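Thanks for coming. I will take one structure today and go through a few of its local and domain-level features. Here it is.

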Amino acid sequence: MNQERRTAIVTGGAHGIGAAVAKRLAADGLAVAVLDLDESACAATVDAVTAAGGRALAVGANVADEESVAAAVDRVAAELGAPTVLVNNAGITRDNLLFKMTALDWDSVMNVHLRGAFLMTRAVQKHMVEAKFGRVVNLSSVSALGNRGQANYAAAKAGMQGFTKTLAFELGKFGVTANAIAPGFIETEMTAATAARMGADFEDFKKMAAAEIPVNRVGQPEDIAHTASFLVSDGAGFVSGQVVYVAGGPRD
Ligand code: NAI
């Protein structure tokens, strides 16, 4: 079985990192379901894949909603083929210092990242176990190590790491690997929104971030896509339960 016959689901595939991952996996030969909240928002990613000669399907779904996830995974299996590669990338931020953080800020972030990754992986794993092959890649973050103003997000991203390692233990015997990518600063709408929230010009914000990064630049979505491409490849079958920091320098 080679990558050309495999189907991947990339959540949050309409924008940013997810869009780059979807395009890269399609270029690698996988059929790709581009899943995001609004199906029409997936069109740009799907069109880019199709224009490059790949196969993609736009799927509107909310990863935090059990019924929505079940319907989406069934649809992907019926229209593209049984999904055996899953990239849990959908994410949101609701940053605030702890004393100002609302319970809704907390729950919203937990629901998209942790409940979302759980529901998606639980729905897709049966296809992986049947195929005796699977690749799960979860998006963590350097914020898992702690970040001012992100108690909710840091907890969720640290949670993604524990979830990943547990998947590696439970699913390894079925040919399924699970790994996490922990990006540093990546130039996307999410980081642009962070700059805006802090009242900073995005170009200045990026320059300040780059000055703190050993390779002296901020990351691009393609940096994460390249790492995901490796982790889902056939040759990466002995890499499981790892957290790969893709941050332009070392992290603890
Ligand atoms: P983005 O905001 O550009 O894209 C996130 C996508 O997820 C959007 O298309 C959004 O509609 C989708 N999404 C949100 N909630 C959803 C839900 N309930 N169901 C389905 N889709 C949903 O964000 P970006 O920067 O591309 O981030 C992607 C992932 O990488 C996130 O998990 C984020 O936490 C993580 N990350 C990003 C970093 C960065 O510097 N941009 C750094 C570290 C981690």
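I start with N216, which is exposed, with a relative accessible area of 56%; exposed here means over 50%, buried under 20%, and partly exposed in between, with a 1.4 Å probe and protein chains only. Before going on, the ground rules: this is a predicted model, where local features need pLDDT of at least 70, side-chain atom pairs count only at pLDDT 80 or more, and totals for chains, interfaces and linings use all residues. Residues are numbered from 1 along each chain as its sequence is written, and side-chain values use heavy atoms, with hydrogens and water left out.

Back to N216. This residue sits in the loop between α7 (202–211) and α8; helices are DSSP runs of H or I with at least four residues, strands are runs of E with at least two, and both are numbered from the N terminus. The phi of N216 is near 65°, a positive value in a residue that is not glycine. Most residues other than glycine have a negative phi.

K132 is another such case, with a positive phi of about 55°. Its place is the loop between α4 (103–131) and β5 (134–139). K132 is exposed too, at 58% relative accessible area.

Now the domains. By an automatic or database domain assignment, the chain is split into domain 1 (3–184 + 221–243) and domain 2 (187–218). Their C-alpha centres are 24 Å apart.

How much area do domain 1 and domain 2 bury between them? The figure is about 580 Å², 51% of it on carbon and sulfur atoms; buried area is the accessible area, with a 1.4 Å probe, that two parts lose on being put together, summed over both. On the domain 1 side, T93, D95 and D223 lose the most area to domain 2, together 49% of what that side buries.

In terms of contact, meaning heavy atoms within 4.5 Å, ten residues of domain 1 touch six residues of domain 2.

Two salt bridges are counted between the domains, a salt bridge being a side-chain nitrogen of Lys or Arg within 4 Å of a carboxyl oxygen of Asp or Glu. D95 and R197 form a salt bridge through their side chains, at 3.0 Å from N to O. As for secondary structure, α1 (16–27) and α8 (221–232) each give at least two residues to the side of domain 1 that touches domain 2.

That is what I have; questions are welcome.
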